[in-house]
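The entries below follow the order in which I looked things up.

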Amino acid sequence: MRMKGFAKHYYLMLIPGLLLLFIFSIIPMFGIIISFQYFNPGKGILGSDWAGLEHFRYMFLLKDTQEVFVNTLVIASMKIVANLIAPLMFALMLNELRLMILRRWIQTIVYLPHFLSWVILGGIVLDLFSYNGPVNQLTALFGSQPKVFFADSELFPLLVVGSDVWKEFGFGTIIYLAALTGINPALYEAANIDGAGRWRSLWHITLPGIRTTAVLLAVLSLGNVLNAGFDQIFNLYNPLVYSTGDIIDTWVYRTGLLNLQYELATAVGLLKSVVGFLLISVSYYLAYRFVNYRIF
Amino acid sequence: MKNKSRWFALVLACSVVLGACSNEANNTPAEPTPEQSAKSNEPADPFGRYEEPVKISISIEVDPTDNELPQGDTPLENQYTRQIKEALNVDVDHQFAASGQNLRQRISLAIASNDLPDAMVVNAVELRQMVEADQIADLTEVYEQYASPDIKTIIEKTNGAALEAVTFDGKMMALPGVQANADGIHLMWIRQDWLDKLNLEPPTTMAELEMVARAFVENDPDGNGQRDTIGITGPESGGKLYANFLESKNNLYGFDPVFSAHDAFPGYWLEGEDGKPVYGSILPETREALASLRDLYAKGLIDPEMGVRNKADEPIIAGKSGIFFAPWWMAYGPLTNAVKNNMEANWQAYALPLNNDGEFKPHAATPSTEFVVVRKDYAHPEVPMKLLNNLFKNEQENTFDPSKGGPGYYPLRVVYAPSDEIEFSVQAFREVLSGSKTAEDFADNKAYKLLPSDIASLKTIKNEPYDSMDISTWNPEANWGAWTRTYSLMVGGGPLVDTEYNEVPSLLYEQTPLMESRWVNLRKLEDETFLRIIMGAAPLETFDSFVENWKRQGGDQIALEVAESLAE
């Protein structure tokens with residue numbers, strides 16, 4: 001009886017979250033109808049005329065569509081890899097630090113950027129890399145010519161990934177640190193007695209100990225392979241780097257909301273959702289296979 | 001435990017209900033009540049005051065960095081809104097306020113979601129969209145009954161261009177603004193004090209422009225011992241390289257005069273050699289102009305951060321840039337702050353550089369690019385017209401003090417100016433200064449609404465010698481508001497009076513049907529390619545493949561459509 005009441009309590013706490021999910025994720029899904037219509041905002045979704053697959057045909061004709069899909073995949077994959085490795089390395093290094101106070105301080109400081117929005121961080125990054133900014137001043141000391149970093153389409157994806165890692169690695173570190181504290185200290189003591197050095201215990205105890213967490217995070221992040229980060233790119237890009245920096249979300253935003261081509265934008269958004277759905281299904285299957293993680 | 005969860009559910013339920021209630025409370029005032037609609041049946045009076053307060057929600061452009069409003073005033077509560085409440089009994093509310101680029105996004109969002117303020121100021125593309133979506137009211141009668149005679153005169157004097165722009169199926173769907181011709185003519189603004197210091201003359205040709213820009217970059221014109229000056233300022237991130245047929249006016253920091261110095265008119269529909277319409281951006285003259293800009297950029301004479309910089313006016317205000325291209329009204333732009341920053345920053349305007357035949361050949365603009373639209377079921381569709389009447393009348397009477405918040409704070413402001421307002425004012429100032437005429441001679445020119453007040457303050461801000469426009473002969477601190485206007489007119493308008501020029505118009509200033517789906521992507525192709533060519537990210541030869549792509553991706557079809565619509 002007592003246990004039952006306990007469970008109810010938890011379900012109740014789910015309600016606000018479910019409500020938000022319903023309002024902001026489920027209801028807007030009906031908007032995909034727009035991609036099959038000649039959408040007229042005055043008549044609304046229910047009153048507009050049907051267009052069949054016309055917008056999808058035009059979408060595949062456009063060179064832009066290919067370009068933004070490729071850009072999204074490239075940037076998002078690079079982010080996934082970098083955001084797995086950087087926090088892992090950092091957590092391992094921090095774990096070796098024996099001075100507890102210093103460790104806590106560092107941990108707090110590196111995850112501060114996580115709480116700032118890209119509007120602010122974007123401004124900071126743009127300033128850092130501007131023509132007269134600190135980075136150019138630094139490279140000038142070594143005799144190189146100043147460079148307009150954010151006008152260089154080859155560098156842009158790297159800058160995006162780099163600044164994303166800078167913002168997020170501190171937060172990712174916390175998860176790994178939590179996993180690290182889960183390792184039984186007795187194992188380290190035993191290894192110590194057996195004469196294992198730091199490297200050996202890292203290799204044979206620490207890494208296997210957090211393997212499950214690492215694989216799980218890796219697999220789950222596959223669901224984000226089509227989310228290259230709208231707010232970040234939107235705050236950093238300019239027309240010069242569209243060829244490598246324009247992603248699906250920014251393109252849909254510009255096409256749909258700035259240029260009033262609602263149908264085309266919705267069609268591309270829908271395509272993104274379909275591909276994303278497939279990728280997420282695969283990633284959950286993989287999660288089930290490799291680390292026995294299940295949702296259903 | 002059970003009790004607690006019940007409490008929680010109660011709180012949750014309450015918050016949902018409360019949320020719904022507060023929403024309702026917000027919505028109600030916007031709905032017209034029967035009594036209010038009845039009131040609008042009183043006889044038409046362009047300046048009539050309502051007996052009951054009338055509400056209108058609008059969208060407005062606000063510059064968040066603007067600091068002209070006096071202490072305690074806000075964009076919603078200032079000399080303009082107080083005067084409107086007093087004179088018309090209208091309460092203005094902002095449904096949304098945003099800065100330049102962001103405002104366009106908010107407007108698009110409002111159109112897409114059909115969640116519109118009662119009235120707003122839109123551009124030609126947005127107007128067309130709203131007409132097709134059947135979102136806005138027919139204003140034919142409102143205009144007939146409520147437009148003040150002065151505004152009617154100005155609109156009629158555009159030879160039908162203003163009315164044509166807002167007439168759909170014989171109905172007038174918006175109130176067109178009418179801007180002075182000068183807004184579409186882009187001049188070269190240059191730091192005269194830098195020229196003087198380096199013993200240079202204003203550059204008249206492209207070759208001289210290069211020489212002067214080089215001197216501005218290399219010879220330390222600001223005298224701080226550092227090589228930190230920009231020769232020519234370029235567009236900011238998201239800015240335009242040149243004005244185009246859809247946005248034919250007021251392109252700040254573009255390269256319009258450089259293009260026209262090569263007889264190139266990108267973004268305009270021109271008559272081709274075969275008499276058919278052709279798009280200026282794909283012509284060989286444009287390629288030439290791009291090559292020359294590319295060369296200037298490679299030599300470091302154009303701002304290396306053009307196209308990336310967030311605000312192009314920053315180096316101008318900070319005294320780090322020597323040349324930029326923009327229309328006459330630049331004291332309303334960056335120059336007031338530039339001069340506040342350094343009283344010796346002597347910005348002068350020239351109708352330069354010239355083309356190979358020694359001509360200044362700017363592109364011409366259409367008179368109406370801003371339109372006031374009214375939401376379809378708004379109960380008082382005449383309120384926006386009355387607001388515009390009221391603005392025009394009070395500008396004639398000089399009620400407002402622009403130094404206590406610029407005219408941009410006036411709700412739904414669009415400009416009504418006779419097409420020659422700038423040139424006429426410059427002539428008038430010169431005649432008054434030289435003593436050949438007096439203020440009384442211009443008292444009857446009602447259409448030139450600001451002229452009497454301008455003349456009244458003229459001699460407080462302009463010192464002798466009256467024929468010199470040098471910044472040292474001005475006294476801006478006596479009245480910054482008046483100085484901003486008069487300096488813009490005399491310095492920025494002067495070259496328009498003193499120069500013989502032939503304008504090149506576009507054959508068309510609006511979208512054709514096919515453009516609605518294709519133009520955006522063609523524009524993107526064009527903008528991106530040209531910017532990359534100039535900044536050296538792509539070779540000049542990219543221009544040739546651009547022309548190919550442009551034609552293939554719908555450009556050729558659109559050119560045919562333009563020919564058809566012109567034939568009609």
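How many salt bridges count between domain 1 of chain B and domain 3 of chain B? I found one. The model is predicted, so I read every value below as computed from that model.

Entry: the bounds. I took them from the domain assignment of chain B. Domain 1 spans 4-178 + 370-409, domain 2 spans 186-364 + 504-510, and domain 3 spans 421-498. I then listed the contact: eight residues come from domain 1 of chain B and six residues from domain 3 of chain B.

Entry: the area. Domain 1 and domain 3 of chain B bury about 660 Å² between them. Carbon and sulfur atoms give 62% of that. On the domain 1 side I asked which residues lose the most area to domain 3. They are B:Phe392, B:Glu395 and B:Gln396, together 57% of what that side buries.

Entry: the charged pair. B:Glu395 forms a salt bridge with B:Lys449. I noted 3.9 Å between the closest N and O atoms, and the cut-off is 4 Å. B:Glu395 is also among the residues I had listed for area loss.

Entry: the elements. On the domain 1 side, helix H7 (149-156) and helix H15 (383-396) of chain B each give two or more residues. The largest share, three residues, comes from H15(B).

Terms used
Residues are numbered from 1 along each chain as its sequence is written. Chains are lettered from A and ligands numbered from 1 in the order in which they are written. This is a predicted model: local features need pLDDT of at least 70, side-chain atom pairs count only at pLDDT 80 or more; totals for chains, interfaces and linings use all residues. Side-chain values use heavy atoms; hydrogens and water are left out. Domain bounds come from an automatic or database domain assignment. Contact means heavy atoms within 4.5 Å. Buried area is the accessible area (1.4 Å probe) that two parts lose on being put together, summed over both. A salt bridge is a side-chain nitrogen of Lys or Arg within 4 Å of a carboxyl oxygen of Asp or Glu. Helices (H or I, at least four residues) and strands (E, at least two) are DSSP runs, numbered from the N terminus.
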